[in-house]
Amino acid sequence: MSSVSKADRKAALDVASWFFNVVTSVGIIMVNKALMATYGFSFAITLTGLHFATTTLLTVLLRWLGYIQGSYLPLPELLKFVLFANFSIVGMNVSLMWNSVGFYQIAKLSMIPVSCFLEVVFDKVRYSRDTKLSILLVLFGVAVCTVTDVSVNFKGFLAAVIAVWSTALQQYYVHFLQRKHSLGSFDLLGHTAPVQAASLLSVGPFVDYWLTEKKVYAYDYSVISVFFIILSCTIAVGTNLSQFICIGRFTAVSFQVLGHMKTILVLILGFIFFGKEGLNLHVIVGMVIAVAGMVWYGNASSKPGGKERRIYSAPSNKSHKQELSGSTETDEV
């Protein structure tokens, strides 16, 4: 009975984690779309810096209240993570600027095979045939409903490669650092958010000026635009936390595959709030295929042998004994 209740509790927490991530991610996309498209605040890097500054304030408050305990993260690993994360943020924005929307979407889809490659190389993950096929089905479905015009140039391709690999490495590192150093989601955010906030707010205005030829301090701030900036920063705290929770509980690959549900929801909400001219039969078909692939992936990867990896072992006698007792474990979805 206790094992059943424990499994039910874990399943409920898994669902709650995904729901939290989907709601906050879709929410911040819609708020930022309104902020940038309607009110002309096109300073994405600076805005992301403000997101992490807000997250930093919350982690400081929670640590002061005693909800976050002291933890340790080696400086080289912290700097490596921040480097990957910041290259991901800048790279994605540069890729969007230099590439067509179609190639940008293809680059985003390629994060899944890159994340799979990282798990195979570093974690010795083995995927079953059904798991591989379900991932391909998700990729195909999302491509059908998002990829339109595709044109590429050398500098755009280079930006996309940097963006994809840095994003995949950053997400892999979230899972890796939490497991290696026994860090909770807020613990890891408490280490990384201040450094990301400081670095992005330092270089953000210059990168934004390079991307948009507009200066953030010259923007015509109004009450409503400041409200949307504050709302974006508030939701971003949940987005940052939920990303760390989901990747920590699952893996970067699962986060990418099931995370495309957010792509589908953003498309649907975009049609509802920003016009329906892009809604047609092939988009609807692509959505259905992608959702079917996600359901298949969840089922296939949760079966024995669907997705297995070597147990990560810390340098201790206890973990050494655990490693001797078994060399593989099934990943959670």
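**Aromatic pairs, step by step**

Phe81 and Phe244 are both buried (under 20% relative accessible area, with exposed over 50% and partly exposed in between; 1.4 Å probe, protein chains only). This is a predicted model, where local features need pLDDT of at least 70, side-chain atom pairs count only at pLDDT 80 or more, and totals for chains, interfaces and linings use all residues. Residues are numbered from 1 along each chain as its sequence is written, and side-chain values use heavy atoms, leaving out hydrogens and water.

**Exercise 1.** Classify the pair formed by the rings of Phe122 and Tyr172.

*Solution.* Start with the rule: rings of Phe, Tyr and Trp (its six-membered ring) pair if their centres lie within 6.5 Å; planes under 30 degrees apart are stacked, over 60 edge-to-face, and the rest tilted. Here the centres are 5.7 Å apart and the planes meet at 40°, so the pair is tilted. Next, locate the partners: Phe122 sits in helix α5 (residues 111–123) and Tyr172 in helix α7 (residues 154–181), so the pair joins parts 50 residues apart in sequence. Helices are DSSP runs (H or I, at least four residues), numbered from the N terminus.

**Exercise 2.** Decide whether Phe122 is buried or exposed, then do likewise for Tyr172.

*Solution.* Phe122 has a relative accessible area of 52%, so Phe122 is exposed. Tyr172 has 9% relative accessibility, so Tyr172 counts as buried.

**Exercise 3.** Find which residues form one aromatic cluster.

*Solution.* The cluster consists of Phe84, Phe122, Tyr172, Tyr173 and Phe176.

Definitions and conventions
Helix = DSSP H or I, 4+ residues; strand = E, 2+ residues; numbered from the N terminus.
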